[in-house]
Amino acid sequence: MRKVNGRCIGLEVVSRLPRALKMSSKQGAPVAAVVEVHDLTRRFGALTAVDGVSFDIAPRETFALIGPNGAGKSTVMKMLTTMLPPTSGRATVAGYDVVRQPQDVRARIGYVPQQLSADGELTGYENMLLSARLYLIPAAERRARIAEALAMMDLTEAKDRRVQTYSGGMARRLEIAQSTLHRPAVLFMDEPTVGLDPSGRRAVWRHVQTLRDQIGAAVVFTTHYMDEVEEVCDRLALIHRGRLAAIGTPGDLRAREGSEATLDDVFTDLTETASRTGDGRK
Amino acid sequence: MIPSPTHPARPIPWATATGYATQVMAVADAEVLKLRHDPMDLVSRAVQPILWLVLFGQVMAHVRGLSGAGGSYIDFLAPGVLAQSVLFVAIFYGLSAIWERDLGVLHRYMVSPAPRSALVIGKALASTIRGLSQSIVIYVCAALLGVRLSFDPGHILGVTVLIVLASALFSTFSLIIACIVKTRERFMGIGQFLTMPIFFASNAIYPVSVMPGWLRAISRVNPLSYEVDGLRALMLSAGASQFGLGLDFGVLLVVVAGLTLLATRMYPRLTQ
Ligand SMILES: Nc1ncnc2c1ncn2[C@@H]1O[C@H](COP(=O)(O)OP(=O)(O)OP(=O)(O)O)[C@@H](O)[C@H]1O
Ligand SMILES: [Mg+2]
């Protein structure tokens, strides 16, 4: 059921699928991907920001989107979160079509946008309450669920302070708590650690991993930090000028470049090769 | 797809009435909480209508031909100033929507499963809180200036409904403008450009009988005129409606419904 992506340069994706994808369910049917992207394209006027991208993400997989500034990572994420309609192509998230069933998709995803989205004028608790009600968490469970989520993100003590007074890391953790209160099937995070100091970054990832294991969500994130990619993700896709330049596990991509290669090398090599051959957007 | 056990594909009651109401109230409450955190905002907005009543009202009262049939000019003006202040407060909602987009807060709403119409109605509802608080200030001020107000409970209820409808109408109109212009700078420009004609091409501060024919025609299709007409009938003890209260409420209701439908379609554009 999984398609080999035509645009992957020389990577045998199928043989290197994470175990989750190759596993079968009890009925013997293959486990469906929780995110399916097929030939997804988005144009802004003359600019093709995302150009025929296809990939699948397995349930519970942690998946990184990397690529240079302006590569189209955020645009892919906006389309998958129904914030932006694709120009062409198709995508489903948690089994629902992002264009035809956007509300069903939104009910099953969490999204932490690149720009901070918690309301600075409200307290942490008030922000959580807003999300709990928008996601229709039953009134009887709201308090307990919010308290639990805040405790998990180490925000209990700060819950009655306005978010304006939070550090960058605290605000991010609050947003992650807001985005996962409804236990989504997929958590999308666009550069969740940008602008955070090393301990703030570590805290965010520690919390995300605990949360992911607890609610069993797939996590899709973008980042410019290769060490995060190496440590956190199961698989990654490298996007360059709107196209999928490579996809696989960090090990796969490193192996491609030779035994000593780091992900940084892979990144540099793929983005520069593609530039030289003029394989980019018009 | 086969749902994983933690994420059952059971139908989630998004479309139920109580769920919808919860989402509308969530949006409105967030606004009210912000007002509570910053009550000075409400106070400062009340200054302008008071100045209109006290200064403009006192001066214009001496101009011949301005007062309505039998009543004093200040009686005539008070409902107009109430309508004006509701308009001026509501017209800021588009700006705050752009502001929320720039801050990133709007994304939090847009990515939630709440229907877009619930978001639009929630925002409109929040603007009615401001509109109603303005009304209280203006009632107090008008009473002090000797305006012959009606405190009949039925009339008060009628005024409340009119203010709610008008706040919803102009805040939603403003939201639509915001979705079109998308930037703060452009909104500031066009906001001024739109508010003034809505205000002056209406029956708010002078009787339509002194207007030239073309302006009278515009004021006849201006929703603000219907709000003011309804307010004149219900706010004043000796007030009367010119168009008929049924028409006043009917026009406002229809326009609110139309604008809400339009805003529901356009609101998501703001985050694209
Ligand atoms: N709303 C828009 N209108 C016009 N062009 C856009 C819009 N959004 C994105 N673009 C363009 O599309 C391209 C891809 O942008 P995108 O934000 O997806 O990049 P990115 O990979 O997320 O970059 P970064 O790492 O800097 O966040 C860029 O050239 C950008 O200027
Ligand atoms: Mg980006």
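Visitor: Before we start, what is a polar contact?
Guide: A polar contact is a pair of N or O atoms within 3.5 Å. Keep in mind that this is a predicted model.

Visitor: Fine. How far is ligand 1 from the side chain of A:Glu191?
Guide: An oxygen atom of ligand 1 sits 3.3 Å from an N or O atom in that A:Glu191 side chain. That is within the 3.5 Å cut-off for a polar contact.

Visitor: And the distance to A:Thr75?
Guide: The value there is 2.5 Å, between a ligand 1 oxygen and an N or O atom in the side chain of A:Thr75.

Visitor: Which backbone atom does ligand 1 approach, and how closely?
Guide: A polar backbone atom of A:Ala71 lies 3.2 Å from an oxygen atom of ligand 1.

Visitor: How much of ligand 1 does the protein cover?
Guide: The protein covers 66% of the accessible area. On its own, ligand 1 has 640 Å².

Visitor: Which residues come nearest to ligand 1?
Guide: A:Asn69, A:Gly70, A:Lys73, A:Ser74 and A:Thr75, out of 16 residues around the ligand.

Visitor: Those five are in chain A. Which chains surround ligand 1?
Guide: Chains A and B both contribute residues, so the site is shared between chains.

Visitor: Which elements of chain A supply at least two shell residues each?
Guide: Strand E2 (47-57) and helix H2 (73-80) each do that. The largest share, three residues, comes from H2(A).

Visitor: How does the shell divide by residue type?
Guide: Five residues are nonpolar, eight are polar and three are charged.

Visitor: Back to A:Glu191. Where is it, and is it buried or exposed?
Guide: A:Glu191 lies in the loop between strand E7 (186-190) and helix H7 (198-215) of chain A. Its relative accessible area is 8%. Buried means under 20%, so A:Glu191 is buried.

Visitor: What about its phi?
Guide: The phi of A:Glu191 is positive, about 50°, although the residue is not a glycine.

Visitor: What is the phi of A:Asp39?
Guide: A:Asp39 has a positive phi of about 55°, and it is not a glycine. A:Asp39 belongs to strand E1 (residues 35-44) of chain A. With a relative accessible area of 37%, A:Asp39 is partly exposed.

Visitor: Now the metal. What are the protein donors of the magnesium ion?
Guide: The donors are A:Ser74 through OG and A:Gln114 through OE1. They lie 1.9 to 2.3 Å from the ion, which is ligand 2.

Visitor: Zoom out. How many helices and strands does chain A have?
Guide: Ten helices and ten strands. Of the 282 residues in chain A, 59% are buried.

Visitor: What share of the chain A contacts joins residues at least 24 apart?
Guide: That share is 68%, among contacts between residues at least 6 apart in sequence.

Visitor: Over to chain B. Where is B:Tyr226, and is it buried or exposed?
Guide: B:Tyr226 lies in helix H10 (residues 223-235) of chain B. It is buried, with a relative accessible area of 7%.

Visitor: What does the B:Tyr226 side chain reach?
Guide: It reaches the backbone oxygen of B:Arg220 at 2.6 Å. Leaving aside neighbours within four places in sequence, the contacts of B:Tyr226 include B:Phe243, B:Leu247 and B:Val251.

Visitor: B:Ser135, buried or exposed?
Guide: B:Ser135 counts as buried, at 7% relative accessibility. It is placed in helix H6 (residues 116-144) of chain B. Beyond its neighbours within four places in sequence, B:Ser135 contacts B:Leu82 and B:Ile163.

Visitor: Last one. What about B:Leu261?
Guide: B:Leu261 is exposed, with a relative accessible area of 63%. It is found in helix H11 (residues 245-266) of chain B. Its C-alpha atom is 21 Å from that of B:Leu247, 14 residues apart along the chain.

Methods: Residues are numbered from 1 along each chain as its sequence is written. Chains are lettered from A and ligands numbered from 1 in the order in which they are written. This is a predicted model: local features need pLDDT of at least 70, side-chain atom pairs count only at pLDDT 80 or more; totals for chains, interfaces and linings use all residues. Side-chain values use heavy atoms; hydrogens and water are left out. A residue is near a molecule or strand if one of its heavy atoms lies within 4 Å of it. A polar contact is a pair of N or O atoms within 3.5 Å; within protein, one must be able to donate a hydrogen and the other to accept it, and residues adjacent in sequence count only if both atoms are side-chain atoms. Accessible areas come from the Shrake-Rupley method with a 1.4 Å probe; for residues, only the protein chains shown count as cover. Helices (H or I, at least four residues) and strands (E, at least two) are DSSP runs, numbered from the N terminus. Ala, Val, Leu, Ile, Met, Phe, Trp, Tyr, Cys and Pro count as nonpolar, Asp, Glu, Lys and Arg as charged, and the others, Gly among them, as polar. Buried means under 20% relative accessible area, exposed over 50%, partly exposed in between (1.4 Å probe, protein chains only). Contact means heavy atoms within 4.5 Å. Donors are N, O and S atoms within 2.8 Å of the metal (3.2 Å for Na, K and Ca); water is not among the atoms, so sites may look incomplete.
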